[in-house]
Amino acid sequence: MAMLGLRGKSLLALLLACLIALVPAALIGWQVVDSIRTHFGEAFARNTTLLQREKIFAPLSRELALSLRLADSEVTRQWLRDEADVAKRELFFREAEGYRRDFRDHSYFLISNRTHAYYFNDGKSPHTESARYLLRADKADDGWYFNTLRDTATFNINVNHDRQLKVTKAWINVIVHENGQKVGLAGTGLELTTFLDDFIRSREAGITPMILNRQGAIQAHPDPRLIALDSASGKGRAACSSSWATPERQALRLAMRQAESRPGEVAMLWATLGGKQQLLALSFIPELGWHVVTAVDLNAARVFDGPWLTPALIALAVLLAALLLGFAYAVEKLVLRPISQLRKSAQAMAAGQYEVALPAERDDEIGELSAAFGVMAHKVRSHTSELEHRVRERTRALEEANREMAAAHKKIDDSIDYASLIQCAMLPDRQLVQALGEKHAVLWRPRDVVGGDFYVYRAGEHTLLFGVVDCAGHGVPGALMTMLAHAAIDQAIVDAGMDDPAGILTRCDRILRGMLREERGGHVLATNMDAGFACVDLQARTVTFAGAKIALYYSDGDDVGELPGARRAIGDKRIGEYQNAQLPLQAGRSFYMTTDGFLDQAGGELGYGFGSSRFADMIRRHARLPLDEQGQAFSATLAEYQGGHAQRDDITMLCFRFD
């Protein structure tokens with residue numbers, strides 16, 4: 001019975017092994033079925049999107065045509081030229097009433113660009129010829145109107161909630177032109193709930209229709225919370241939101257450009273929506289400037305029904321089961337029965353019973369394996385006691401060494417943490433925040449817990465001094481150098497004055513050389529440091545800069561300029577000469593100083609340094625942002641470029657701007 005049980009377990013193991021071996025075949029079969037489903041899903045998404053495109057385009061094109069006629073009406077233009085004329089006013093409102101009855105939502109609006117008066121009538125509220133309210137350029141809710149007038153397009157479609165009228169509509173905004181001038185805005189609106197029920201909401205599981213504008217802002221969606229209200233003012237949320245991975249946002253933008261280049265055709269891509277992988281189909285309507293998008297979840301949507309699929313899979317499973325049983329019976333009879341006898345002896349040996357009787361000798365591979373087991377049992381028995389003795393001795397020694405090492409590591413870590421606390425206390429973070437607030441940004445990232453970089457800030461009556469310093473080395477040696485450098489800079493500022501950065505560098509060089517005399521062994525160590533100082537005179541509106549191997553970058557968002565530092569570092573073998581350079585302190589111009597840790601950071605595909613050109617381009621792209629957002633953007637740009645490469649050096653970057 002025991003032998004039969006062993007063979008039964010072996011047979012079960014064999015069946016399991018066969019099943020595992022058939023997993024690749026099952027995966028291939030599933031991939032074939034999945035490819036068929038994907039093929040039908042793409043066709044379904046394409047046809048659904050084209051149908052949805054026509055379903056949306058037909059009624060909206062009619063509303064747009066009526067809005068264009070209303071905006072191009074001579075009656076409309078004449079009244080906008082002379083709003084005080086009572087006859088022209090009455091004629092316009094009589095004609096506009098006819099348009100109101102023809103519009104799908106029975107509503108129209110007109111805005112005068114001269115008076116910014118907003119006229120609106122619908123079938124729900126009493127008719128009025130008076131302005132509902134006046135639009136203001138300084139009011140955020142009215143930004144859509146002024147952005148529309150600045151746009152080069154003749155019209156736009158904007159989903160927005162009008163707080164004055166207390167309605168949320170998809171507004172068709174058409175510019176009224178008179179002799180090449182933009183004299184007003186006219187159009188209609190569609191109730192958002194009605195619009196979603198008629199054109200967007202889908203009753204089919206796994207199907208999510210939506211509408212995007214050219215910028216990717218959601219104009220219509222089954223979930224109204226996701227609609228980008230007031231996208232014409234630039235405040236709407238884009239479909240390419242931060243919740244999407246960067247490659248997916250790029251793929252969506254590429255698909256949108258592809259659809260715009262071929263109106264009437266459908267662009268396809270895969271994307272993750274709501275935590276699910278879905279197929280997206282896009283078709284562009286150039287007349288409306290909209291992308292009609294259909295998201296299809298192939299796991300939930302009924303893409304195709306195959307009554308033949310289930311019987312075929314059952315037949316295939318039965319065939320595979322029959323093959324497995326036949327194969328298992330043959331292997332059990334020819335292989336498993338002999339091996340099960342040897343396996344019992346092997347299990348006893350594994351439990352430490354080395355005197356167990358082995359199967360009888362045989363003139364085959366199993367017999368050779370039995371003899372090998374006998375030799376192995378003898379050798380294992382002789383070595384076991386010796387090994388156990390050595391293991392006990394080694395274990396005691398390792399435990400003692402580990403205790404000593406843990407104690408040493410704790411002392412070192414505590415010392416470094418304390419040094420980091422001291423170094424952080426030296427930095428002028430609190431002074432910068434209290435004095436400048438959003439006028440500055442700092443990126444300070446030591447390579448280790450402590451480092452050789454720090455930054456300086458001093459404030460006078462009308463002047464501010466900013467500085468960035470990079471001492472030789474990093475880690476603990478670099479941190480110790482910052483203590484000496486900080487003391488030398490404090491004395492140099494007292495001696496030379498805040499308004500003379502070149503004098504500060506020259507005086508600091510002399511002080512540092514006096515601190516690290518050659519007879520103390522300083523000539524065999526790297527004790528130099530890079531530094532840059534910028535003095536901002538708020539009264540004269542100037543920036544005076546001098547640097548030792550550190551440059552001052554500045555940009556207004558269009559161009560990037562640079563005031564290079566001197567080629568000699570402070571404390572170098574040869575004494576450097578430092579000169580002041582001056583720039584005007586212009587409104588909107590941002591200034592940047594950075595240590596070489598940022599520029600030399602390895603990254604990218606080839607592991608090259610970040611470099612000055614890439615640094616200047618990064619500044620140009622973000623120079624108009626608030627400085628705190630610039631700091632976040634710089635940190636994200638560096639992290640993306642660095643990837644999996646280790647940080648090479650300490651990194652410090654100081655930015656300031658005075659509008």
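## Second largest cavity

The lining of the second largest cavity splits into 3 nonpolar, 3 polar and 1 charged residue (nonpolar means Ala, Val, Leu, Ile, Met, Phe, Trp, Tyr, Cys and Pro; charged means Asp, Glu, Lys and Arg; the others, Gly among them, are polar). This is a predicted model, where local features need pLDDT of at least 70 and side-chain atom pairs count only at pLDDT 80 or more, while totals for chains, interfaces and linings use all residues. Residues are numbered from 1 along each chain as its sequence is written, and side-chain values use heavy atoms, with hydrogens and water left out.

A cavity here is a set of points, on a 1 Å grid over the protein atoms alone, where a 1.4 Å probe fits but cannot get out; lining residues have an atom within 4 Å of a point. The second largest cavity has a volume of about 50 Å³ (the space filled by probe spheres set on the points, which are joined across faces, edges and corners). Its lining is made up of Tyr 118, Trp 144, Asn 158, Asn 160, Asp 162, Trp 171 and Asn 173. E4 and E5 are the elements that give two or more residues to that lining, and E4 has the largest share, 3 residues (strands, E, are DSSP runs of at least two residues and helices, H or I, of at least four, numbered from the N terminus).

## Largest cavity

With a cut-off of 30 Å³ or more, the count is 2 cavities. The largest has a volume of about 80 Å³. Its lining includes Tyr 133, Lys 139, Trp 144, His 161 and Arg 163, and divides into 2 nonpolar, 3 polar and 5 charged residues. Strand E4 (residues 155–162) gives the most to this lining too, with 3 residues.

## Salt bridges

The model has 26 salt bridges (a side-chain nitrogen of Lys or Arg within 4 Å of a carboxyl oxygen of Asp or Glu). One of them pairs Lys 169 with Glu 191, with 3.4 Å between the closest N and O atoms. Lys 169 sits in strand E5 (residues 167–178) and Glu 191 in strand E6 (residues 181–191), so this pair ties together parts 22 residues apart in sequence. Both Lys 169 and Glu 191 are buried (under 20% relative accessible area; exposed is over 50%, partly exposed in between, with a 1.4 Å probe and protein chains only).

Arg 620 and Asp 617 also meet in a salt bridge, at 3.5 Å from N to O. Both lie in helix H14 (residues 612–622), 3 residues or about one turn apart. Arg 620 is partly exposed at 34% relative accessibility, and Asp 617 is partly exposed at 33%.

Note on methods:
1 Å grid on protein atoms, 1.4 Å probe; cavity = no way out; pocket = protein on both sides within 12 Å on 5 of 7 lines; lining within 4 Å.
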